[in-house]
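Please look at the chain shown below and keep it in view while you read. The report moves from the surface to the strands and then to the charged pairs.

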Amino acid sequence: YLSVNGGIKVPTVMGSKSTYLPAGFGGLHGRALKTGDIINTFNCNTERMFIERRMLDIPHYPSHQNIRVILGPQDQLFPPESIDTLLSSTYSLSTNSDRAGYRFEGPTIETSSGSDIISDASAMGSVQIPGDGMPMIMMADRGTTGGYAKIATVIKSDISNLGQLMPDDTVVFKTVTNEEAHKILEEQENSLRSIVDQPSSCALTVLVDNQAFEVLDNSDCNIVSPKVVPGTYSSELHHVISTFDGQSYEFDVEVQRKQ
């Protein structure tokens, strides 16, 4: 994953700077990158202070995963033994998969009276069962509607795990309730929020006549968090002379960085 300071300078299409290859728009000329492409970025302030963030639990994406689903919305079209097949079998990701849908190979899932239904909305994570009986999960570039019966839906929290699968990786499907799915999502969001809210490992103090002053940016927000991660710090002292409203001020800026 690549994060670019200032952001990549490409046109915004429908609120996004991503590339949609099937229709040929977005990103860089609506196509995949190739050798020799020049990617421009927006200007950024290289002197800006960045606060270090660390993920305490690095995500691990194994080649075999448990994917949690909620049954429905058309699970009533499948006999009980087909539900059992879905939840007791191991399925492998087919090479015939893309951002529109992930196709899986494994035991066949039969419907009670055919897989065709009147087309309705396709949600992210919908598990469709087409005529061949192999599960097909709708992903980011899916169509807005679909005409195959949907036996289950992958919960939002597991979509990112699903997206990391490689061809021939395997999954097993496990059911959860709506209440359990909401709790899992809340826990995931709290975990991500804890990374953003992590105390800074760099503390900035301005000392004027031996008095410490809070440092704010132009929007009256703290430049760094007042909390400091416990540990050993090195200190740098900078003497600054600044002029404001015709008056000159001298002060020391002390920057403490965690070693």
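The model discussed here is a predicted one, and in it L33 is found in the loop between β2 (25-26) and β3.

L33 is also part of a group, for I8, L33 and I39 form a nonpolar patch on the surface, and together these residues have about 270 Å² of accessible area.

## How the strands pair

Strand β5, which covers residues 101-105, is joined to strand β4 (residues 91-93) by two bridges, and these two strands run antiparallel. Within this pairing, the bridge partner of L93 is F104 in β5. Strand β5 is also joined to strand β8 (residues 136-138), in this case by three bridges, and again the two run antiparallel. Here R103 stands opposite M136 in β8.

Another antiparallel pairing is that of β6 with β9, which are joined by three bridges. The bridge partner of D116 in this pairing is Y148 in β9. Strand β6 (residues 116-121) is hardly covered, since the count of buried residues among its six residues is zero. As a general point, the side chains of a regular strand alternate between the two faces of the sheet.

## A buried serine

S126 has its place in strand β7, which covers residues 126-128. Is S126 buried or exposed? Its relative accessible area is 2%, so S126 counts as buried.

The surroundings of S126 can be described in two steps. A polar atom of the side chain of S126 lies 3.1 Å from the backbone oxygen of A123. Leaving aside neighbours within four places in sequence, S126 is in contact with M136, I137, M138, K150, A152 and T153.

## Salt bridges

Side chains of opposite charge can pair when their charged atoms come close. In this model the count of salt bridges comes to four, and three of them are taken up below.

In one of them, R31 is paired with D37, and the closest N and O atoms are 2.9 Å apart. R31 has a relative accessible area of 26%, so R31 is partly exposed, and D37, with a relative accessible area of 23%, is partly exposed as well.

Another salt bridge is formed by the side chains of R68 and D158, with a distance of 2.7 Å from N to O. This pair links distant parts of the chain, for R68 belongs to strand β3 (residues 64-71) and D158 to helix α2 (residues 156-163), and the two residues are 90 residues apart. R68 is partly exposed, with a relative accessible area of 28%, whereas D158 counts as buried because its relative accessibility is 1%.

A further salt bridge joins R99 to D141, whose closest N and O atoms are 3.1 Å apart. R99 lies in the loop between β4 and β5, while D141 lies in the loop between β8 and β9 (145-148), so the pair ties together parts that are 42 residues apart in sequence. D141 has a relative accessibility of 17%, and D141 therefore counts as buried.

Technical notes:
Residues numbered from 1 in each chain as written. Predicted model: local features only at pLDDT ≥ 70, side-chain atom pairs only at ≥ 80, totals over all residues. Heavy atoms only, no water. Pairing = 2+ DSSP bridges. Helix = DSSP H or I, 4+ residues; strand = E, 2+ residues; numbered from the N terminus. Buried < 20%, exposed > 50% of the residue type's maximum accessible area, 1.4 Å probe, protein only. Polar contact = N/O pair within 3.5 Å; in protein donor to acceptor, adjacent residues only side chain to side chain. Contact = heavy atoms within 4.5 Å. Patch = residues over 30% accessible without salt bridge, like charges linked within 9 Å, V, L, I, M, F, W, Y side chains within 5 Å. Areas by Shrake-Rupley, 256 points an atom, 1.4 Å probe, with all protein chains shown as cover.
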